[in-house]
Amino acid sequence: MTTYLKCLPWCKTTCAVMFVSLFARGIYAQQLEDPTRWTLTFSDEFEGKAVDTDKWDVLTRKDSYNDEKQYYLPEQASIVDGMLRITATDEPYDGKAYRSARLESRFAQAYGKFEIRAKIPTTKGIWPAIWLLPRGAQWPTGGEIDIMEHHGSNPAGVNSAIHFADAQGNHQFIYRDYTTTDDDGQPVHWPDGFHIYSTVWTPTDIAFFVDGVEYYRAGREKTPVIDTPMSVILNTAVGGLFDGDPDDNTVFPQTFDIDYVRVYQRTGGDTESHPDTTSVPNQSKLNE
Ligand SMILES: [Ca+2]
């Protein structure tokens, strides 16, 4: 999320891969949903009257990366009908053209399953994100795992990414767009409803799912699988390099509703590697 400053032009030309889900719900996806395999370590169902600040750091932040145009303010985050709602508006504040919110969990964990049910906003220039970042670590050395990002100008796409530093300390990343079709062959527009965005992170690889369908997995042959405990970050950025700035067609306000965040550790520890790495076919390397 913080990281497209250097890579976006390259992404725009090479990463916009229409990636249809070719995977059946394989063994690994079954494991994803097997409750005996997972022990809950952190959750927020957002059932209270206000954001639980014991769990979340709700940012007040003007500065941003990627030429983003929002000012993060706590009042842009609220609890509505059992949901965390991040509201982005076009009300200027202290030199910034838009207001939005960003929450960072005080909890941090390395490895495990991170599962977030959410309904994402969509309009030109909006950039909702669910991601993992080590608190206080230098970027990109500490790594970054993007569970879900969405270009507001493309309702048919969501994407995931892993950012890291190479041996010389330079930023590298791998990235995958995910699109699919419904039973009528029409593109699924992710912002039309709630979906479950998940990542399973083990010592050997990191896999990404939407609604239990694995669409991307990267192991150590592609990326140094990160071992640093990470916090969960929920935010909506406005403008900047990822999806460009809002234009005359952009609609405000935009709401990002998060039904829950659930984090699990693999029951009995996370020393085992994925048992089924052969279930995912070789994939295009266009965007890596
Ligand atoms: Ca809820």
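This note goes through the predicted model point by point, from the overall fold to single residues.

1. Basis. The model is predicted: local features need pLDDT of at least 70, side-chain atom pairs count only at pLDDT 80 or more, and totals for chains, interfaces and linings use all residues. Residue numbers start from 1 along each chain as its sequence is written.

2. Overall content. The chain holds 2 helices and 17 strands; helices (H or I, at least four residues) and strands (E, at least two) are DSSP runs, numbered from the N terminus. Of the 288 residues in the chain, 40% are buried. A residue is buried if 20 or more other C-beta atoms lie within 10 Å of its own, exposed if 12 or fewer, and partly exposed in between, with C-beta atoms placed from the backbone. Among contacts in the chain between residues at least 6 apart in sequence, 75% join residues at least 24 apart. Contact here means that the C-beta atoms of two residues, placed from the backbone, lie within 7 Å.

3. The sheet. An open sheet of 7 strands, with antiparallel pairing, has the order S2-S7-S16-S9-S10-S11-S12. Its edge strands are S2 (56-58) and S12 (171-178), each of which pairs on one side only. Neighbouring strands of this sheet are turned by 20° against each other on average, direction ignored; axes are lines fitted to C-alpha atoms (for helices over the stretch in contact), and angles run from 0 to 180 degrees between N-to-C directions. Two strands count as paired if DSSP finds at least two bridges between them.

4. Strand S16 and its partners. S16 (residues 231-238) pairs with S9 (residues 126-133) in the antiparallel sense over 8 bridges. Within this pairing, Pro128 has Thr236 in S16 as its bridge partner, and Trp131 stands opposite Ile233 in S16. S7 (residues 102-105) is joined to S16 by 3 bridges, and these strands also run antiparallel. The bridge partner of Arg102 in S16 is Asn235.

5. Burial of S16. S16 is largely enclosed by the rest of the structure, because 8 of its 8 residues are buried. Ser231, Ile233, Asn235 and Ala237 point one way from S16, while Val232, Leu234, Thr236 and Val238 point the other way, and all are buried. In a regular strand the side chains alternate between the two faces of the sheet.

6. Nonpolar core. The largest nonpolar core has 63 residues, and those with the most contacts inside it are Ile130, Leu132, Ile145, Ile147 and Ile258. Such a core is a set of buried Ala, Val, Leu, Ile, Met, Phe, Trp, Tyr and Cys residues joined through C-beta atoms within 7 Å. S9 supplies the largest share of this core, 7 residues. Leaving aside its neighbours within four places in sequence, Ile145 is in contact with Trp131, Leu132, Ile162, Thr199, Trp201, Ile206, Ile226 and Met230. In soluble globular proteins, nonpolar side chains tend to be buried together.

7. Lys55. This residue lies in the loop between S1 (38-44) and S2. Lys55 counts as partly exposed because it has 17 C-beta neighbours inside 10 Å. Lys55 and Ser43 are 12 residues apart in sequence, and their C-alpha atoms are 8.9 Å apart. Neighbours within four places in sequence aside, the contacts of Lys55 are Asp44, Ser105, Arg106 and Phe107.

8. Arg85. Arg85 is placed in S5 (residues 83-88) and is partly exposed, with 18 other C-beta atoms within 10 Å. From Arg85 to Lys119 the separation is 34 residues in sequence and 9.7 Å in space, C-alpha to C-alpha. Leaving aside its neighbours within four places in sequence, Arg85 is in contact with Ser78, Val80, Thr255 and Asp257.

9. Backbone points to check. Most residues other than glycine have a negative phi, and most peptide bonds are trans. The peptide bond from Trp139 to Pro140 is cis, with omega near 5°; Pro140 lies in the loop between S9 and S10 (144-149). The bond from Phe252 to Pro253 is also cis, with omega near -5°, and Pro253 lies in the loop between S16 and S17 (254-266). Phe46, in the loop between S1 and S2, has a positive phi near 60° and is buried, with 22 other C-beta atoms within 10 Å. Tyr111, in the loop between S7 and S8 (112-119), has a positive phi near 65°. Tyr111 counts as buried, with 22 C-beta neighbours inside 10 Å.
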